[in-house]
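Reader: I would like to learn how to read a model of this kind. Where should I start?

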Amino acid sequence: MKVLSRLIFASLICPLSISLCGCAQDQSTKTTRLLMGTFVSIEAFDPDLSKKDLADKVEMAFGEMAHIESLMSPVRSESDVYRINRSARTRRIPVEPYTAEVLKKALEIYSVSDGAFDVTIGPMVDLWKTSGKRGRLAKSSVIEKSLKGVGSDGFMLEQDDSIVLLRRRDLEIDLGGLAKGFAVDKAAGFLKEEGIKSALIDAGGDIRCIGKNKKGEPWSVGVRDPQDRTQVLAVLSLQDESVATSGDYERYFTIDGKVYSHIIDPRSGRPVDNNVKSSTIVAKDCMTADGLATATFVLGPEKGIKLIESMDGVECLMVVEDGDEMRSICSSGFASKLNR
Ligand code: FAD
Ligand code: MG
């Protein structure tokens with residue numbers, strides 16, 4: 001584990017795509033849409049395609065993401081997630097391959113994080129959302145009761161992963177910590193299949209880049225300062241890689257002047273309260289980055305960095321509040337991702 005001084009990172013986090021295109025007459029396009037409750041932008045460049053053809057392909061990539069939203073949204077009645085969460089009687093729920101892929105990843109990260117990342121956290125997320133709206137902390141007895149429904153041992157995949165077998169009636173899945181990253185990966189996969197060699201997809205800070213930017217250089221991605229989101233603390237230099245951040249500064253609620261995170265510690269059933277302000281993960285694919293950002297945010301610096309060091313191809317940067325100071329702590333290979 002390395003502690004980086006504030007001199008290196010002037011202050012820190014949430015990935016922020018930094019567009020390096022400036023010319024008006026070129027074969028690049030940047031489009032933004034509202035999807036999955038967040039702004040998603042796709043920037044792409046291809047000298048061999050007309051601007052219109054490129055824009056059409058980008059539109060189809062958005063279509064892929066909209067399809068994933070329709071499968072995994074917790075509020076859409078046609079989604080796989082909605083059907084799982086409302087299935088009071090049915091024990092075996094058929095799901096689409098995409099949903100199965102995300103659930104498999106969820107079980108993998110649940111296992112490596114020792115349960116810190118748990119997509120069955122749904123009831124607790126709902127409980128604390130209501131608590132935040134009412135401006136009152138949830139009672140311990142209610143937390144304990146809701147917590148009984150949490151635990152990823154409550155479901156498994158069977159029959160070539162086409163069926164979710166529910167082991168508990170009150171099981172509630174929340175893919176908020178993974179599905180955005182997955183959608184980014186699928187959009188990137190689509191563009192690559194279409195032959196696009198340069199693109200950057202940014203779903204509210206879950207970012208994946210394809211190839212180099214149109215100047216032929218690695219993509220520059222800024223990491224926002226969790227204390228001041230207008231400031232960039234560090235700039236990453238990425239090529240065919242992904243980055244995602246979990247933090248307590250964009251989505252949170254306040255009760256009696258205290259700020260509570262939207263990320264819940266499945267062990268306590270309470271919002272994470274471990275002085276971590278943000279955790280940024282660089283990984284090959286965006287779903288891994290997304291899930292590990294949430295997992296390490298829950299685990300805290302010691303266990304979180306240890307987990308990342310034990311895995312290949314992932315790096316982590318955490319910002320931790322230490323009294324009046326902010327400390328930046330990173331995995332051993334993180335510095336190699338910085339734009340120098
Ligand atoms: P992350 O840190 O990546 O994830 C935090 C989220 O993960 C929490 O918000 C919670 O959902 C979940 N979580 C909390 N604790 C844990 C834990 N210990 N382990 C695992 N997961 C945990 N928002 C809207 O406002 N309107 C919408 O219509 C809408 N539709 C959506 C559709 C889909 C398919 C998805 C995936 C999300 C949607 N959202 C919607 C939610 C919104 O975009 C989320 O806030 C977002 O997914 C959380 O991402 P994040 O990067 O902010 O936080
Ligand atoms: Mg995320």
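**Reading the ligand site and the domains**

Author: Start at the ligand. His 262 has a polar side-chain atom 3.0 Å from an oxygen atom of ligand 1. Keep in mind that this is a predicted model.

Reader: How many residues are around ligand 1, and which come nearest?

Author: There are 24 residues around ligand 1. Those that come nearest are Met 36, Asp 174, Gly 176, Ser 246 and Ile 264.

Reader: How is the chain divided into domains?

Author: Domain 1 is written in two segments, 2-73 + 177-337, and domain 2 covers 80-174. On the two sides of the contact there are 29 residues from domain 1 and 31 residues from domain 2. The centres of domain 1 and domain 2, taken over C-alpha atoms, are 24 Å apart.

Reader: What area is buried between domain 1 and domain 2, and what share do carbon and sulfur atoms give?

Author: Buried area is a loss of accessible area, summed over both parts. Here the area is about 2600 Å², and carbon and sulfur atoms give 73% of it.

Reader: How many salt bridges and polar contacts cross between the two domains?

Author: For a salt bridge, look for a side-chain nitrogen of Lys or Arg within 4 Å of a carboxyl oxygen of Asp or Glu. The rule finds one across the interface of domain 1 and domain 2. Lys 186 and Glu 101 form a salt bridge through their side chains, at 3.5 Å from N to O. Between domain 1 and domain 2, six residue pairs are in polar contact.

Reader: Which element gives the most to the side of domain 1 that touches domain 2?

Author: Helix H7 does, with nine residues. On that side of domain 1, 17 residues are nonpolar, eight polar and four charged.

Reader: How many salt bridges does the rule count in total?

Author: The count comes to 19. One example is the pair Asp 80 and Arg 83, whose side chains meet at 2.6 Å, N to O. Both residues belong to helix H2 (residues 80-86) and are three residues apart, about one turn of the helix.

Terms used. Residues numbered from 1 in each chain as written. Chains lettered and ligands numbered in written order. Predicted model: local features only at pLDDT ≥ 70, side-chain atom pairs only at ≥ 80, totals over all residues. Heavy atoms only, no water. Domains from an automatic or database assignment. Contact = heavy atoms within 4.5 Å. Buried area = accessible area lost by both parts, 1.4 Å probe. Polar contact = N/O pair within 3.5 Å; in protein donor to acceptor, adjacent residues only side chain to side chain. Helix = DSSP H or I, 4+ residues; strand = E, 2+ residues; numbered from the N terminus. Nonpolar A, V, L, I, M, F, W, Y, C, P; charged D, E, K, R; others polar. Near = heavy atom within 4 Å.
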